[in-house]
Amino acid sequence: MMDRISNAVIDKICSFATVGRYVIFSEDELYEAFPEGEKRDLSTLKNALKTLLNAGYIDIKYSGGSLYCIAPIKKYEPEPEQIILPEPELRLPEKAKRERKYLLPFLAAFSGGALGSLLVSLTFALI
């Protein structure tokens, strides 16, 4: 991921040159691309150009004085921002709520029936 200055410089270069075509830029033209509030000095510009060169976005044919001959090699497309969605609430569907409502009485009736049949069976078995 590149910083704001490198993004601005590559946008400036791509706006004047097509991919693979060399264009001469002055330092002042490249400084114009810097975002507001950023320090506009030679070391910052050289760091941005070095970052772009190492990442394979530009090729620098020569740099002399305050002129640079630069060609964009590929266009920079920023990574899409990740959208963080809120966690959905886990809710039971209405049908599950209705089924759950009858579960306790069913278990009580079933247990009572089983216990009653057990008692009747034991009574007949012992008599």
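Buried means under 20% relative accessible area, exposed means over 50%, and partly exposed lies in between (1.4 Å probe, protein chains only). Helices (H or I, at least four residues) and strands (E, at least two) are DSSP runs, numbered from the N terminus.

This is a predicted model, where local features need pLDDT of at least 70, side-chain atom pairs count only at pLDDT 80 or more, and totals for chains, interfaces and linings use all residues. Residues are numbered from 1 along each chain as its sequence is written, and side-chain values use heavy atoms, with hydrogens and water left out.

**Stop 1: strand β3**

Select residues 67-72. This is strand β3, and five of its six residues are buried.

Two strands pair if DSSP finds at least two bridges between them. Strand β1 (residues 23-26) runs antiparallel to β3, joined by four bridges. Find Ile24 here: Cys69 of β3 stands opposite. Strand β2 (residues 58-64) is also antiparallel to β3, with six bridges. On this side, Ile58 faces Pro72 of β3.

Look at the turn of the β2 and β3 hairpin. Two residues sit between the strands, and Gly65 has a positive phi near 65°.

**Stop 2: the core**

Which residues have the most contacts inside the largest nonpolar core? Select Val9, Ile13, Leu30, Leu45, Leu49, Ile58 and Ile70; the core has 17 residues. Two or more residues come from each of α1 (4-16), α2 (27-32), α3 (42-55) and β3. Helix α1 gives the most, five residues. A nonpolar core is a set of buried Ala, Val, Leu, Ile, Met, Phe, Trp, Tyr and Cys residues joined through side-chain atoms within 4.5 Å. In soluble globular proteins, nonpolar side chains tend to be buried together.

Click Ile70. Contact means heavy atoms within 4.5 Å. Beyond its neighbours within four places in sequence, Ile70 contacts residues including Ile13, Leu30, Leu49 and Ile58. Arg21 and Asp59 are also among them.

**Stop 3: the cysteines**

Select Cys14, which is buried at 17% relative accessible area. Then select Cys69, buried at 7%.

**Stop 4: Glu27**

Go to helix α2 and pick Glu27. Glu27 is buried yet has no salt bridge. A salt bridge is a side-chain nitrogen of Lys or Arg within 4 Å of a carboxyl oxygen of Asp or Glu. Lys and Arg count as positive and Asp and Glu as negative; His and the chain ends are not counted. The nearest side chain of opposite charge is Lys46, 6.2 Å away.

What does Glu27 touch, not counting residues up to four places away in sequence? Show Leu42, Leu45, Gly65, Ser66 and Tyr68.
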